[in-house]
Amino acid sequence: MSDRYTVISSDCHAGASIDTYREYLDPALRDDFDAWRGEYANPFRDLQGGSRARNWDNERRIRELADDGVVAEVVFPNTVPPFFPTGALVARPPATRDEYDHRWAGLRAHNRWLADFCGEHAVRRAGIAQVFLNDIDDAIAEAIWAHEHGLRGGILLPTVPDDTDIAPLYAPDYDPLWQVCAERGIVVNMHSGSGHPAYGSYPAADLMWLVETSWYAHRPLWQVIMSGVFERHPNLKFVLTESGCSWVPSTLRMLDGFHMQMQYGRVGELNFQDATPLPLKPSDYFNRNVWMGVSFPGAREGAALRKVGIDKVMWGNDYPHHEGSYPFSLASMQLAFPDTTDAELRQMLSANAAKVYGFDVDALAPFGDACGPTMEQIHTPLESIPKGATSPAFFAM
């Protein structure tokens with residue numbers, strides 16, 4: 001076995017250029033696209049200037065990831081799809097039928113581009129298709145399409161805001177989707193950034209989004225566990241990405257405590273006499289069905305890894321985002337993994353992601369031998385924060 005680690009990033013982002021998406025749209029919508037394109041203003045720093053090509057330039061992307069010690073990636077979306085007001089991860093759900101029809105066409109254009117993009121380096125990429133939850137039949141059809149066209153990363157669900165007419169994740173409406181995903185081995189992914197209410201145009205609106213975004217990213221965990229999704233669909237794989245992991249142990253203790261109290265029919269003033277408690281503890285469902293894509297972990301996340309479960313954690317560098325650990329991922333590993341064993345590192349850096357997303361670690365090994373970090377490097381104490389580092393991995397306490 002090589003002394004270098006084959007590193008898979010469970011959180012990377014990619015997308016086509018705006019004009020490339022045009023070719024993946026239904027021709028009937030291209031005039032509408034041209035009108036939208038004429039008014040489009042790029043909202044993101046990493047999509048501006050020369051750095052934006054990182055999203056679609058194969059050679060540059062592979063080279064820069066290798067320079068960061070990464071040989072394979074789980075690919076979430078990044079560039080703005082056609083007809084969206086902003087990035088798909090943070091955009092509010094479509095509010096009208098026309099908005100839905102156009103944005104749905106934009107998501108499908110992205111998914112088709114992504115299938116081609118990942119297919120060019122299939123061993124090294126697991127692409128994730130986007131779906132909306134406004135129409136369950138559409139979501140199911142797209143999940144099946146993605147599965148049949150090599151997007152083994154599964155599907156990405158938006159977190160549902162409370163102030164919409166879309167059913168919450170704990171509603172039984174989604175059982176047909178869960179069933180299809182469980183039967184076909186389609187991974188269900190959630191990524192931080194969605195699920196917020198409309199904060200309005202107040203001066204503090206963006207600050208409220210920043211402060212509350214982590215809570216909305218955590219919320220799907222208890223919604224699907226406590227509503228019995230994993231009891232009804234025991235083979236479903238569910239991943240929460242870029243939402244940290246240090247909060248998981250205390251949350252599971254809370255859920256297990258509620259579960260225990262429910263056995264007696266009451267929790268405080270709430271009557272659960274008519275409720276049937278789940279046969280397993282919430283933590284049992286987590287251990288069986290849930291994985292955490294822990295992006296740019298620092299010391300705080302590193303301290304929680306064993307409590308969460310080494311077999312539950314998948315490392316990610318969030319390339320090419322400003323908050324990601326690229327190009328200083330080794331330095332961030334030195335902060336997060338100072339006392340980990342060889343077996344633990346191999347699980348978190350590759351084996352867990354390979355299990356969830358179907359990577360062939362043996363096929364990736366030659367790439368890892370060329371650029372992967374060693375345990376000696378990871379266990380070398382970090383002397384100082386790298387100049388130019390912008391990731392919370394280096395600053396979060």
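User: How are residues numbered, and which parts of the model are used?
Analyst: Residues count from 1 along each chain as its sequence is written. The model is predicted, so local features need pLDDT of at least 70, side-chain atom pairs count only at pLDDT 80 or more, and totals for chains, interfaces and linings use all residues, while side-chain values use heavy atoms, leaving out hydrogens and water.

User: Why is Cys245 called buried?
Analyst: Buried means under 20% relative accessible area, exposed over 50%, and partly exposed in between, with a 1.4 Å probe and protein chains only. Cys245 has a relative accessible area of 0%, and therefore counts as buried. Cys181, at 1% relative accessibility, is buried as well.

User: What makes Phe33 and Phe83 an edge-to-face pair?
Analyst: Rings of Phe, Tyr and Trp (its six-membered ring) pair if their centres lie within 6.5 Å; planes under 30 degrees apart count as stacked, over 60 as edge-to-face and the rest as tilted. The search of the whole structure finds 15 aromatic pairs. In the pair of Phe33 and Phe83, the centres are 6.5 Å apart and the planes stand at 85 degrees, so the pair is edge-to-face.

User: Why is this pair said to tie together parts of the chain?
Analyst: Helices (H or I, at least four residues) and strands (E, at least two) are DSSP runs, numbered from the N terminus. Phe33 belongs to helix 2 (residues 30-39), and Phe83 to the loop between strand 2 (72-77) and helix 4 (97-119), so the pair ties together parts that are 50 residues apart in sequence. Phe33 is buried at 1% relative accessible area, and Phe83 is buried at 12%.

User: What makes Phe230 and Phe238 an edge-to-face pair?
Analyst: Their ring centres are 5.8 Å apart and their planes are at 70 degrees, so this pair is edge-to-face. Phe230 is buried, with a relative accessible area of 0%.

User: How do you know that the charged end of Arg112 sits over the ring of Trp145?
Analyst: A charge sits over a ring if NZ of Lys or CZ of Arg is within 6 Å of the ring centre and within 35 degrees of the ring normal. The charged end of Arg112 sits over the ring of Trp145, 3.8 Å from its centre. Likewise, the charged end of Arg125 sits over the ring of Phe117, 3.9 Å from its centre.

User: Why are the buried residues of helix 10 said to line one face of the helix?
Analyst: In helix 10 (residues 282-289), the buried residues are Pro282, Ser283, Tyr285, Phe286 and Asn289. Seen down the axis of helix 10, they fall within an arc of 160 degrees, so they line one face. The arc is that of the directions from the helix axis to the C-beta atoms.

User: What do the buried residues of helix 10 pack against?
Analyst: Among the elements they pack against are helix 7 (205-226), helix 9 (248-262) and helix 11 (299-308), where contact means heavy atoms within 4.5 Å.
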